[in-house]
Amino acid sequence: MPEVTIGLPAILGLLTLFLSLGAVIVFLVLRGTGRVVEPIPTATPSLTPTHSPTPTRVTPTPTYTPLPTPTPLSYRVVEGDTCAALAGRFEVSINSIIILNGLPASCDLFIGQVLSIPHPTPTSTALPTATLTGLEATLQACDKIYYTVQVDDTLSTIAANYNVPIAAIKSYNGLSSDTVFSGQDLIIPLCERLVPIGPTPTPTKPPPYPPTNLLLPADGAAFSLAHDSITLQWAAVATLRENEAYAVTIVDVTEGRDNRLVVYVTDTKYIVPTTMRPKEATPHVFRWWVQPVRQVGTDENGRPLWDSAGAESEKRVFTWTGAAPAGTPAP
């Protein structure tokens, strides 16, 4: 028989073809019976470079975020601390310290007390042209005090105690009714005080002074032509006030004479003027006394008007000879 010779590559190709045909036939048979599950292909990541897109500028929309309220500072009271001093040191108001710590209106503190100090509230600088309205200026100028309601207090009793209308207290404190409760802090507008009805009270006069004690000259002292002046002296009754003085009265009680002099001095002595010295050789008798007085006004000419401020002193006398006796004529 003829001999057929096949090369090795042809044998490998035929073997591959038979295997492929067998695999296809087996696959088709299994697929027809539903026993073949096709595998899900898994994507293998690749490092293929890609071009980055050009970024588009997006304008963010601003969102309002409320600022957190700052936590109050904690401070321990030391000796010498007051609410006014702490308010000035931390640049806050006294009222804010009182309200935050529930203190009484008097803001009494004690050593070791722990206080909460609020942070100062920044205030915007007012424009130069900004001016207060008439109502705002009135409220700012009003004299006010703070009062803490006690257990038995009512709005009417508080108003009567400070002589302030109930409506004014309600207006300054934003009250819608007459009800108040113990421990409540109220603003009392003293500038809204009611005008008292009736006559204006007269100021009480100081008590009268005791009688003045006369010192010199002694009662009945005699002065001659050699004495150009006579000094009267007395003891002070007290330290005189600005509108008080001593009224010194000197009267020539010699028969046929009524020479009277009244002067007002603040010192405790007075020099009798030489105009009162008699011109005759006959001694003249003078009586003098002192009384505290108080100025109560002036007359139409601007001269002061005086009123008694105490009792009169005792009355003393002295004699004063004014001229030398005439010589005896020769017989």
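Which residues of helix α2 are buried? The close-ups below answer this and visit a few other places in the chain; the model is a predicted one.

**View 1. The buried side of helix α2 (residues 83-90).** In this helix, C83, L86 and A87 are the buried residues. They share one side of α2, because they span an arc of only 100° around the axis. What do the buried residues of α2 pack against? Their partners are strand β1 (73-76), helix α3 (94-101) and strand β2 (114-117). Look just past the end of α2 to find E91, which takes a positive phi of about 60°.

View 2. Strands of a sheet pair through backbone hydrogen bonds, either parallel or antiparallel. With strand β6 (residues 221-223), β13 runs parallel, and three bridges join the two. Here W320 of β13 is the bridge partner of F223. With strand β11 (residues 284-298), the pairing of β13 is antiparallel and extends over five bridges. In that pairing, F286 has F318 of β13 as its bridge partner.

View 3. Is E244 buried or exposed? E244 counts as buried because its relative accessible area is 2%, and the cut-off for buried is under 20%. A polar atom of the E244 side chain lies 2.9 Å from the backbone nitrogen of R241. The side chains of E244 and R294 are joined by a polar contact of 2.8 Å. Setting aside neighbours within four places in sequence, the residues in contact with E244 are Y209, T266, V293, R294 and W306.

**View 4. An open sheet of three strands, β5-β7-β10.** The strands of this sheet follow that order and pair in the antiparallel sense. Which are the edge strands? They are β5 (214-216) and β10 (269-272), each of which pairs on one side only. From one strand to the next, the twist averages 25°. Zoom in on strand β7 (residues 230-234) and β10, and you will find an antiparallel pairing over four bridges. For I230, the bridge partner in β10 is V272.

Key:
Residues are numbered from 1 along each chain as its sequence is written. This is a predicted model: local features need pLDDT of at least 70, side-chain atom pairs count only at pLDDT 80 or more; totals for chains, interfaces and linings use all residues. Side-chain values use heavy atoms; hydrogens and water are left out. Buried means under 20% relative accessible area, exposed over 50%, partly exposed in between (1.4 Å probe, protein chains only). The arc is that of the directions from the helix axis to the C-beta atoms. Contact means heavy atoms within 4.5 Å. Two strands pair if DSSP finds at least two bridges between them. A polar contact is a pair of N or O atoms within 3.5 Å; within protein, one must be able to donate a hydrogen and the other to accept it, and residues adjacent in sequence count only if both atoms are side-chain atoms. Axes are lines fitted to C-alpha atoms, for helices over the stretch in contact, and angles run from 0 to 180 degrees between N-to-C directions.
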